[in-house]
Amino acid sequence: QAPQAPGIEKELSGYRALRPETLEIIKTARNASPIDALRMACATLSLDVSNPNDISPAGDLALAKRLASRFPTVIAAHSRLRQGLEPIQPRSDLSLAANFLYMTFGTEPDPMAAKALETYWVTVSDHGMNASTFTARVIASTRSDMVSAVTGAVGALKGPLHGGAPGPMLDMLVDIKSASKAEAWLRKEIKEGRRIMGFGHRVYKVRDPRAEVLAKTAAEMAGAHLQNTKLYDLARSVEKTAIKVLEELKPGRNLKTNVEFYTAVVLQSIGLQPDQFVSMFACGRVAGWTAHVMEQHAQDRLIRPQSEYVGPHNLKLNR
């Protein structure tokens with residue numbers, strides 16, 4: 001596969017530019033959240049395809065390449081526009097992550113920052129039958145097109161129970177302020193019934209392996225002074241304290257560090273704002289979504305879950 005990689009990268013870089021119609025939508029949505037702007041723009045990303053309803057393997061692949069290439073362009077353009085700046089045209093000589101940083105900040109991207117973002121996107125590219133992936137597959141199972149399925153997936157990812165936790169995780173660190181205040185803060189939150197962001201996962205009962213990767217990335221960035229060292233040190237301390245407190249107050253729950261904890265630390269160090277974090281998740285996950293859509297189209301079977309009625313029986317109609 002290695003000899004093919006340069007050709008594939010060059011091909012994908014050719015799809016990064018957005019059509020004027022898509023840019024107009026992003027301009028209209030400049031005051032919306034980044035994930036809302038992405039959802040609106042996503043529906044237009046097949047405008048340069050002659051038959052966007054082609055769900056053959058070749059048709060799906062053509063759209064998958066456009067979606068993966070253009071998601072970062074959409075977010076970068078939205079970031080510029082909401083600051084009152086003009087979008088920057090993509091460059092074909094940069095990697096996907098490096099090009100996103102260039103289009104967002106208008107300067108040559110730091111190689112380590114680009115590597116960190118690329119690492120993040122790879123770690124979240126797919127994760128089984130999660131809510132957004134299932135949404136995409138349900139839509140695809142009706143023989144609907146790739147872009148419709150992925151647009152639906154973006155809508156599912158927007159929900160705070162799925163893709164929206166990294167931002168609040170960063171808010172938690174800011175609220176805690178110092179390592180000495182962490183334990184009291186955590187105990188108060190748990191006592192009042194609030195969830196501790198960045199801990200616990202429906203699948204993992206051990207430390208999320210993706211958190212391992214991102215923790216290493218955050219440490220490397222701190223060592224290179226690209227990371228706010230004080231925030232990184234606080235995150236490490238809060239993680240240790242939270243694990244201890246959660247084991248004590250919620251025994252047997254196995255609430256370990258999840259991917260969201262170090263996602264927030266890494267993305268803020270790159271210079272991104274918390275409300276951009278979910279859209280960054282989408283830029284990585286789109287690879288998985290499109291692969292699942294292609295698989296669902298190949299299976300060509302409608303997904304129709306059964307439901308069980310649990311309401312009252314033997315009701316009589318009063319006339």
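Modeller: What follows is a short talk about some helices and one histidine.

Modeller: This is a predicted model, where local features need pLDDT of at least 70, side-chain atom pairs count only at pLDDT 80 or more, and totals for chains, interfaces and linings use all residues. Residues are numbered from 1 along each chain as its sequence is written, and side-chain values use heavy atoms, with hydrogens and water left out.

Biologist: At what angle do α4 and α5 cross?

Modeller: Helix α4 (residues 57–81) and helix α5 (residues 96–105) cross at roughly 20 degrees, and their axes come within 8 Å. Axes here are lines fitted to C-alpha atoms, for helices over the stretch in contact, with angles from 0 to 180 degrees between N-to-C directions. Helices are DSSP runs (H or I, at least four residues), numbered from the N terminus.

Biologist: Parallel or antiparallel?

Modeller: That angle makes α4 roughly parallel to α5; the label covers angles under 35 degrees.

Biologist: Which residues make the contact?

Modeller: From α4, Ala68, Ser69, Pro72, Thr73, Ile75, Ala76, Ser79 and Arg80; from α5, Leu96, Phe100, Met103, Thr104 and Phe105. Contact means heavy atoms within 4.5 Å. By class, the contact of α4 with α5 has eight nonpolar, four polar and one charged residues. Ala, Val, Leu, Ile, Met, Phe, Trp, Tyr, Cys and Pro count as nonpolar, Asp, Glu, Lys and Arg as charged, and the others, Gly among them, as polar.

Biologist: How many residues of α5 are buried?

Modeller: Eight of its 10 residues, so α5 is largely enclosed by the rest of the structure. Buried means under 20% relative accessible area (1.4 Å probe, protein chains only). The buried residues of α5 pack against α4, α6 (111–123), α13 (259–270) and α14 (277–299).

Biologist: What follows α5?

Modeller: Gly106, with a positive phi near 75 degrees.

Biologist: Back to α4. Is His78 buried or exposed?

Modeller: His78, which lies in α4, is buried, with a relative accessible area of 1%. Its side chain reaches the backbone oxygen of Ala32 at 3.2 Å. Leaving aside neighbours within four places in sequence, the contacts of His78 include Ile26, Arg30 and Pro34.

Biologist: New topic. How do α7 and α14 pack?

Modeller: Helix α7 (residues 131–141) packs on α14 at about 35 degrees, with the axes 9 Å apart. The residues of that contact divide into four nonpolar, seven polar and three charged.

Note on methods
Helices (H or I, at least four residues) and strands (E, at least two) are DSSP runs, numbered from the N terminus. Angles under 35 degrees count as roughly parallel, over 145 as roughly antiparallel, 65 to 115 as roughly perpendicular and the rest as oblique. Buried means under 20% relative accessible area, exposed over 50%, partly exposed in between (1.4 Å probe, protein chains only). A polar contact is a pair of N or O atoms within 3.5 Å; within protein, one must be able to donate a hydrogen and the other to accept it, and residues adjacent in sequence count only if both atoms are side-chain atoms.
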